[in-house]
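Please keep the sequence and the structure in view while reading.

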Amino acid sequence: MTSSPTQGIKTVLHPVSDLAKAKEVYAALLGVQPQADAPYYVGFEAAGQHIGLVPGGGPQGMASPVTYWHVPDIEAKLAEVIAAGATVKEPVHDVGGGRLVATFTDPDGNVLGLLQDR
C-alpha cells in the first residue's frame, strides 16, 4: 500500500520535569546506564531501542512521549502520511550526525515521529 516502508518504532522520547530523578528511574527500569548524559538530554540504548529523556519537553515543547518510526526515506514517508490526512508538526530537520527527524499529528492530534539515519 505504501512505497516507503518503516523499520518499526526504535526511538521513544519522554518529556521529564526532573532529569536527575527520571534518569534513576529509567536506569532501574532498563537495567543499563545512559549512553548519552547531558543537561539537555539523556539517552539509553536497551534491547535495540533508544529511550530518551528530554527535560521540560525540550525546544519541541513535548507534552507527552513521542514514538519515532525509523524509515529509509523520511521525505517520502512524511509525504505519504500527509497525503493520508496527517498534519506536519515539525518539518524534516537534521538534529546532528546526519540524523533527520520530523513529527506530525494524526487526525486525533496524537504526535508521531519519523527518523532517518543517513
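Contact here means heavy atoms within 4.5 Å. The model is a predicted one. With that cut-off, and leaving aside residues up to four places away in sequence, F44 touches K23, Y26, A27, L30, V32, Q33, P34, Q35, Q49, H50, I51 and L53. F44 also belongs to the largest nonpolar core, which has 10 residues in all: V12, V16, L19, A22, Y26, A27, V42, F44, I51 and L53. At least two residues of this core come from each of β1, α1 (19-30), β3 and β4. The largest share, 4 residues, is supplied by α1. In soluble globular proteins, nonpolar side chains tend to be buried together.

The strands come next. An open sheet is formed by 8 strands, ordered β2-β3-β4-β1-β5-β8-β7-β6, with mixed pairing. At its edges are β2 (36-38) and β6 (87-94), each of which pairs on one side only. From one strand to the next, the twist averages 20°. Strands of a sheet pair through backbone hydrogen bonds, either parallel or antiparallel.

Both senses of pairing can be seen around β4. Strand β1 (residues 9-16) pairs with β4 in the parallel sense over 6 bridges, while strand β3 (residues 41-46) pairs with β4 in the antiparallel sense over 5 bridges. Which residue of β4 is the bridge partner of H14? The partner of H14 is L53, and L53 is likewise the bridge partner of V42. Strand β4 (residues 49-55) has 5 of its 7 residues buried, so the strand is largely enclosed by the rest of the structure.

The hairpin formed by β3 and β4 has 2 residues between the strands. A47 is found in this loop, and its phi is near 55°, a positive value in a residue other than glycine. Is A47 buried or exposed? A47 has a relative accessibility of 82% and therefore counts as exposed, the cut-off for that class being over 50%.

Further along the sheet, strand β5 (residues 66-70) runs parallel to strand β8 (residues 111-117), and 4 bridges join them.

Apart from residues up to four places away in sequence, Q116 touches V71, P72, D73, I74, G98, R99 and L100. Two backbone atoms can be picked out among these neighbours. A polar atom of the Q116 side chain lies 3.4 Å from the backbone oxygen of P72, and a polar atom of that side chain lies 2.8 Å from the backbone nitrogen of I74. Q116 and T6 are 110 residues apart in sequence, but their C-alpha atoms are 10.0 Å apart in space.

I74 leads on to a helix, as it is one of the buried residues of α2, together with K77, L78, E80 and V81. Seen down the axis of α2, the buried residues fall within an arc of 160°, so they line one face of the helix. An α-helix has 3.6 residues a turn, so residues three or four places apart point the same way. Among the elements that cover the buried residues of α2 are β6, β7 (99-105) and β8.

K77, in helix α2 (residues 74-83), is buried, with a relative accessible area of 7%. The side chains of K77 and E80 are joined by a polar contact of 3.0 Å.

The ends of α2 complete the picture. At its start, a side-chain oxygen of D73 reaches to within 3.3 Å of the backbone nitrogen of E75. Just after α2, G85 takes a positive phi of about 120°.

Terms used
Residues numbered from 1 in each chain as written. Predicted model: local features only at pLDDT ≥ 70, side-chain atom pairs only at ≥ 80, totals over all residues. Heavy atoms only, no water. Pairing = 2+ DSSP bridges. Axes fitted to C-alpha atoms, helices over the stretch in contact; angles between N-to-C directions. Buried < 20%, exposed > 50% of the residue type's maximum accessible area, 1.4 Å probe, protein only. Polar contact = N/O pair within 3.5 Å; in protein donor to acceptor, adjacent residues only side chain to side chain. Arc of directions from axis to C-beta. Core = buried A, V, L, I, M, F, W, Y, C linked by side-chain atoms within 4.5 Å.
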